[in-house]
Amino acid sequence: LLFYIFAIFIIGMLIPYNHAALMGGGDDIATSPFTLVFKNAGLAFAASFMNAVILTSVLSAGNSGMYASTRMLYSMSKDGLASKAFGKTNQKGTPIISMLSTALVVILIFVVQHLSGNAYEYIVAASGLTGFIAWLGIAISHYRFRKAFDAQNYDVSQLKYQAKLFPFGPILALILCIVVIIGQDVDFITSGDFDLNRFLITYMGIPVFLIFFFYHKIRYKTKRIPLEKVNLDPHVSMEERNFQKKVD
């Protein structure tokens, strides 16, 4: 709310949507709306300041993405979902093979972008929606977790964190994520003119996700677990829990 919605609201109040310096507003190179706000406020160093902010943000995002991808490969290896090689670590505990593999992918994307001008758009499209899809999965997981918690007669007071507005919170998050995913390109939906290239660039992340999703379900034969059988204690198997219930 603070860093996204409120910031965009302030910018929208200060800069008209058809400003000549914005993308689509004129023939010149588009300028960041944040830069325009600072310039209108009389700050001469606005462009340099925003470049510094963007640079640090990009470096931070790249660093966190590198870390997350490396650890994800490592975890998948430990869970048997990726090659065991990705689970090997050096003396300092760093999954070095996972890290080098992630770095190699980054380099390949960089090379592909320089070989093809449109490659960057497709790469961003393939990954751009994954954040919203991930939060969609988080909302569903949290909802089912709490439902399983209730179905197995656990006391909510056992939870270190209790969602105060359950089930409103995950349901709202679910709806908002769906709305955001569908509304990635409102003009495309409302225009009525179908452009295959624009459609692929906007919604490519959805079929990419579905391909991996169904591949995983077919490969590992996963099924939807009933709420009564969801294992909520990683230290106790469901067989032990059912046996304890019979004893009680």
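This is a predicted model: local features need pLDDT of at least 70, side-chain atom pairs count only at pLDDT 80 or more; totals for chains, interfaces and linings use all residues.
The UniProt record, an unreviewed entry, places the feature "transmembrane region" at residues 44-68, 96-116, 122-145, 165-184 and 196-215. Two of these spans were examined in the model. Residues 122-145 are 96% helix and 0% strand. The end C-alpha atoms of that span lie 35 Å apart. Residues 196-215 are 95% helix, again with 0% strand. Here the end C-alpha atoms are 25 Å apart.

Helix 6 covers residues 130-151, and helix 7 covers residues 168-182. The two pack at an angle of about 160°, with their axes 9 Å apart. Angles over 145 degrees count as roughly antiparallel, so helix 6 is roughly antiparallel to helix 7. The crossing of helix 6 and helix 7 is left-handed. On the helix 6 side, the contact is made by F132, I133, W135, L136, A139, I140, H142 and Y143. Helix 7 contributes P170, I171, A173, L174, C177, I178, V180 and I181. By class, the contact of helix 6 with helix 7 has 15 nonpolar residues, one polar and no charged.

Helix 5 (residues 119-128) also meets helix 6. Their axes come within 6 Å and cross at roughly 10°. Angles under 35 degrees count as roughly parallel, so helix 5 is roughly parallel to helix 6. A126, S127 and G128 of helix 5 make the contact with T130, G131 and F132 of helix 6. This contact of helix 5 with helix 6 holds two nonpolar, four polar and no charged residues.

E121, Y122 and A125 in helix 5 meet N197, L200 and I201 in helix 9. The residues of the contact of helix 5 with helix 9 divide into four nonpolar, one polar and one charged.

A search of the whole structure finds five aromatic pairs. One of them joins Y143 and F166. The ring centres are 5.9 Å apart and the planes stand at 35°, so the pair is tilted. Y143 lies in helix 6, and F166 lies in the loop between helix 6 and helix 7. The two residues are 23 residues apart, and the pair links distant parts of the chain.

The loop between helix 6 and helix 7 holds two backbone features of note. Most residues other than glycine have a negative phi, and most peptide bonds are trans. The peptide bond from F166 to P167 is cis, with omega near 5°. P167 is found in this loop. N153 lies in the loop between helix 6 and helix 7 too. Phi of N153 is near 60°, a positive value in a residue other than glycine.

L232 sits in the loop between helix 10 (205-220) and helix 11 (238-247). Not counting residues up to four places away in sequence, L232 touches F145, A148, F149, Q152 and Y154. L232 and R146 are 86 residues apart in sequence. Their C-alpha atoms are 10.0 Å apart in space.

Note on methods:
Residues are numbered from 1 along each chain as its sequence is written. Side-chain values use heavy atoms; hydrogens and water are left out. Helices (H or I, at least four residues) and strands (E, at least two) are DSSP runs, numbered from the N terminus. Contact means heavy atoms within 4.5 Å. UniProt positions are given in the numbering used here, feature names are shortened, and annotations may be inferred rather than shown by experiment. Axes are lines fitted to C-alpha atoms, for helices over the stretch in contact, and angles run from 0 to 180 degrees between N-to-C directions. Angles under 35 degrees count as roughly parallel, over 145 as roughly antiparallel, 65 to 115 as roughly perpendicular and the rest as oblique. A crossing is left-handed if the near helix is turned anticlockwise from the far one by less than a right angle, and right-handed if clockwise. Ala, Val, Leu, Ile, Met, Phe, Trp, Tyr, Cys and Pro count as nonpolar, Asp, Glu, Lys and Arg as charged, and the others, Gly among them, as polar. Rings of Phe, Tyr and Trp (its six-membered ring) pair if their centres lie within 6.5 Å; planes under 30 degrees apart count as stacked, over 60 as edge-to-face and the rest as tilted.
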